[in-house]
Amino acid sequence: MKAAVLTVSDRVSRGEAEDKSGPAAAELLAEIGFEVAEVRVCADGVDPVSEALKEMIPGANLIITSGGTGFSQRDLTPEATVRVIERPAPGIAEAIRADAIARFPHGMLSRGVAGICGTTLIVNLPGSEKAVRESIAVIAPAMRHAVELLVAPDSDHNVT
C-alpha cells in the first residue's frame, strides 16, 4: 500500500521555513507499513492544494496533508480537499479533533476533513510536527484496514 504526504505551507514552499511535519508523517506511515511514494510541499490556497492532490492520487492509496486547517485567511486545505474527494469520511477527522480537544482547548479550531477519491483516502492534519505525530497515533490503528477496504474489491465488506 502506497502513501504520500503533502505539506501545505506558504513559508515552507518559499524556502523560508523547514518542513518538519511532512518528514514526520512519512516516517510514521512507514512504521505502520505504508510505502511512502512521495513527500511534497505546496503553497496554501484552494487551487495549489487541489491540484497537488489530483496529481498525487494516482500514485497513492493514502494521502496525508499537513497544514492549512486552521482559521487564518490562507488556511484552505479543507476546501481544496472537499473539491477533490467523492465521498466524505467524517469519523476520521472527528477522531483527530476529539483527541486534540482533550489535549488542548484550541484543538476544536482544526477544520481538517477526510474523504475518499476513487481508491485513495485523503486525511487533513494540522501543520505542526507535534500535531501530526499525535494525529497519526490516533488514526494509525484504522488506516491499513481503511485502505484495504478501498483497494480490495473482493473484501467480505463489499459483499451484498
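This is a predicted model: local features need pLDDT of at least 70, side-chain atom pairs count only at pLDDT 80 or more; totals for chains, interfaces and linings use all residues.
Residues are numbered from 1 along each chain as its sequence is written, and local features need pLDDT of at least 70, while side-chain atom pairs count only at pLDDT 80 or more. Side-chain values use heavy atoms, leaving out hydrogens and water.

Let's start with strand β3, residues 62-66; strands here are DSSP E runs of at least two residues, numbered from the N terminus. Five of its five residues are buried, meaning under 20% relative accessible area with a 1.4 Å probe, protein chains only. In a regular strand, side chains alternate between the two faces of the sheet. Both faces of β3 are covered, with L62, I64 and S66 on one side and I63 and T65 on the other.

Which strands sit beside β3? Strand β1 (residues 2-8) pairs with β3 in the parallel sense over five bridges, where pairing takes at least two DSSP bridges. A4 stands opposite I63. Strand β6 (residues 120-125) also pairs with β3 in the parallel sense, over five bridges, and N124 in β6 is the bridge partner of T65.

Now for the helices, which are DSSP H or I runs of at least four residues. The axes of α3 (residues 46-56) and α4 (residues 77-84) come within 8 Å and cross at roughly 45 degrees; these axes are lines fitted to C-alpha atoms over the stretch in contact, with angles from 0 to 180 degrees between N-to-C directions. Contact (heavy atoms within 4.5 Å) involves residues including V49 and L53 of α3 and A80 and V84 of α4.

Terms used. Buried means under 20% relative accessible area, exposed over 50%, partly exposed in between (1.4 Å probe, protein chains only).
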